[in-house]
Amino acid sequence: MNRYKLAALWAAGTLALDQATKLTVHTLMQPWTGREIVPGLFNLVHVLNKGAAWGFLDDDNIDWQRPLFILISLAAVLVIAYMIRLTREGDRWMIAGLGMIAGGAVGNAIDRIWLGSVIDFLDFYAGSYHWPAFNVADSALTVGAGCIIVSTLLNRKDTRGA
């Protein structure tokens, strides 16, 4: 399978899982509610985030963050398409990482267009310390970045041995 199809499969799978989980949360839970799933570790919540990661710029008094983050997502997808073009066919780690990041970016952009904010629902915590709530798209961005790091390390190792 060529790199474009493989990246598209990763992106489509990420996007489908992201949107299905967000739709489920949106349908079954009221905003700003939560359910304890694993006491002392994990809650399922329904949080609406107008900002970026960890609530950066999540403020009702800012009206420009929505178009800004939509544009950033679209620009990211264009950069990713260019990066896929530069990626070797056999570099599965890089292709998977770029596909996951593209799918995650599109998933959060759809929320911003549809709702004006992103649905976050995974709430991990220990005691009173809560990691900021996140979603499948956010997870895909992180795992995708990890795949790119693995690819970079593997390719660095390949070029040193040559």
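The legends below describe close-up views of a predicted model.

**View 1. Overall chain, with 4 helices and 4 strands.** Along the sequence of the protein chain, these elements follow the pattern α-β-β-α-α-β-β-α. The protein chain has 162 residues, and 37% of them are buried. Of the contacts in the protein chain with a separation of 6 or more, 65% are between residues 24 or more positions apart.

**View 2. Spans annotated as transmembrane region in the UniProt record.** The unreviewed UniProt entry gives this annotation to residues 68–86, 93–110 and 130–154. In the predicted model, residues 68–86 are 100% helix and 0% strand, and the C-alpha atoms at the ends of this span lie 27 Å apart. Residues 93–110 are likewise 100% helix and 0% strand, with 26 Å between the end C-alpha atoms.

**View 3. Packing of helix H2 against helix H3.** Two packed helices are described by the angle between their axes and the distance between the axes. Helix H2 covers residues 65–86 and helix H3 covers residues 92–115. Their axes are 9 Å apart, and the packing angle is about 160°. Because angles over 145 degrees count as roughly antiparallel, H2 and H3 are roughly antiparallel to each other. The crossing of H2 and H3 is left-handed.

**View 4. Residues at the contact of H2 with H3.** On the H2 side, the residues are Arg66, Phe69, Ile70, Ser73, Val77, Ile80, Met83 and Ile84. They meet Leu98, Ile101, Ala102, Ala105, Val106, Ala109, Arg112 and Ile113 of H3. Sorted by class, the contact of H2 with H3 comprises 13 nonpolar residues, 1 polar residue and 2 charged residues.

**View 5. Leu17 in helix H1 and its distance to Gly104.** Helix H1 runs over residues 3–28 and contains Leu17. The relative accessible area of Leu17 is 49%, so this residue counts as partly exposed. Leu17 and Gly104 are 87 residues apart along the chain, and their C-alpha atoms are separated by 9.9 Å.

View 6. Is Ser151 buried or exposed? Its relative accessibility is 0%, so Ser151 counts as buried, the cut-off for buried being under 20% relative accessible area.

Terms used:
Residues are numbered from 1 along each chain as its sequence is written. This is a predicted model: local features need pLDDT of at least 70, side-chain atom pairs count only at pLDDT 80 or more; totals for chains, interfaces and linings use all residues. Side-chain values use heavy atoms; hydrogens and water are left out. UniProt positions are given in the numbering used here, feature names are shortened, and annotations may be inferred rather than shown by experiment. Helices (H or I, at least four residues) and strands (E, at least two) are DSSP runs, numbered from the N terminus. Axes are lines fitted to C-alpha atoms, for helices over the stretch in contact, and angles run from 0 to 180 degrees between N-to-C directions. Angles under 35 degrees count as roughly parallel, over 145 as roughly antiparallel, 65 to 115 as roughly perpendicular and the rest as oblique. A crossing is left-handed if the near helix is turned anticlockwise from the far one by less than a right angle, and right-handed if clockwise. Contact means heavy atoms within 4.5 Å. Ala, Val, Leu, Ile, Met, Phe, Trp, Tyr, Cys and Pro count as nonpolar, Asp, Glu, Lys and Arg as charged, and the others, Gly among them, as polar. Buried means under 20% relative accessible area, exposed over 50%, partly exposed in between (1.4 Å probe, protein chains only).
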